[in-house]
Amino acid sequence: MARLGHAAGLDVGGTKIAAQLFDETWNVIDAREVATPKTSYASLLNVIVNEINWLHATGDGVQIPIGIGLPGIVDPRTGAVLTANLPASGHPLWTDLVQRLAGFDPVIINDCRAFALSEAVLGAGHDHETVVGLVIGTGLAGGLVFGGNLIKGSNGAAGEFGHIPIPTHLLQKYGLPVLWCGCGRSGCYETLGSGVGLSRIAKHVTGEDIDASAFAKNPDHIAPDLQRCLSIWIDLLSELVMELCLTVDPDCIVLGGGASKAPGLVSGLTNALDGKLLTAMTGPMICLAQGGPQSGARGAAFAAVMARNAKGS
Ligand SMILES: [Zn+2]
């Protein structure tokens, strides 16, 4: 007998849109991927509507909760999406979807917040009260979950950890430049602490363009100068983790994103943080994500279930 869909999520990335249907125990029942339209908002809207209709049809036609995770922030005052990677910036995506879907009410959530929620509730952080999710990829962002609830903030910006500035003393320690960031500010952690940032550090240290794959090897096979790049990168990230410890003091930090697989990151961060914590502080458990590629869609789906439950209560 076919299992009924419990909830569904769309993970809208810069290159592909992943649609996933989940059962009541959050196993994937069905999934598919399509390319993300890049030329116009209208074509993006059409594809998202198609995928939602497919999820409804696959879930036996029942209007299950559906969440949409995307790389951007939904302005809570205007409903407009602010995103650099999709042709949707400034458009009222939620309002347009409601109109196209005959009143159906999807939840739109930042993809890094979706990751944090998924890992905090259903993944590596599920035994912990205060969980930070940190996605280290092309960019650097995450989310904060307390007691199973995602902290959104008044602007929807809670979790934009990558746009906290790197302390000057750390830049001076390694002679690193203050780089302009895509957010419009300078010296943000994202500029040097992201996966792209690791390559920038490598360029600074070696003078050469180093492919990210050079860091994906067995740690014993990485050249000494690249080991030094990793060490600098981990020192910067551990400072960000220290700042998170001083502000929200999490029990657990779950790492995701392509660069989280860099060799020795978890142990390196844990050790570096130990040297920075104040007396009597105990560091959080730092671990890698468990959810794999479905974390974004699963977190968005979970947010949609929570929103529907809140409406019903
Ligand atoms: Zn920034």
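I began by noting that two strands pair if DSSP finds at least two bridges between them, and that strands (E, at least two residues) and helices (H or I, at least four) are DSSP runs numbered from the N terminus.

The model is a predicted one, in which local features need pLDDT of at least 70 and side-chain atom pairs count only at pLDDT 80 or more, while totals for chains, interfaces and linings use all residues. Residues are numbered from 1 along each chain as its sequence is written.

**Entry on β9**

I looked up β8 (residues 130–136) and found that this strand pairs with β9 in the antiparallel sense over seven bridges, with Leu134 standing opposite Gly142 in β9. The two strands form a hairpin, and three residues lie between them.

I then followed β9 to β10 (residues 149–150), and saw that these strands run antiparallel and are joined by two bridges, with Val145 opposite Leu150. Two residues separate β9 and β10 in their hairpin, where Gly147 in the turn has a positive phi of about 60°.

Next I checked how covered β9 (residues 140–146) is, and six of its seven residues are buried (20 or more other C-beta atoms within 10 Å of a residue's own, with C-beta atoms placed from the backbone).

**Entry on Gly257**

I found Gly257 in the loop between β11 (252–256) and α8 (265–274). Is Gly257 buried or exposed? Gly257 counts as buried because 21 other C-beta atoms lie within 10 Å.

Leaving out residues up to four places away in sequence, Gly257 touches Val135, Ile136, Gly137 and Gly195, where contact means C-beta atoms, placed from the backbone, within 7 Å. For Gly137, which is 120 residues apart from Gly257 along the chain, I noted a C-alpha separation of 4.7 Å.

Conventions:
Buried ≥ 20, exposed ≤ 12 C-beta atoms within 10 Å, placed from the backbone. Contact = placed C-beta atoms within 7 Å.
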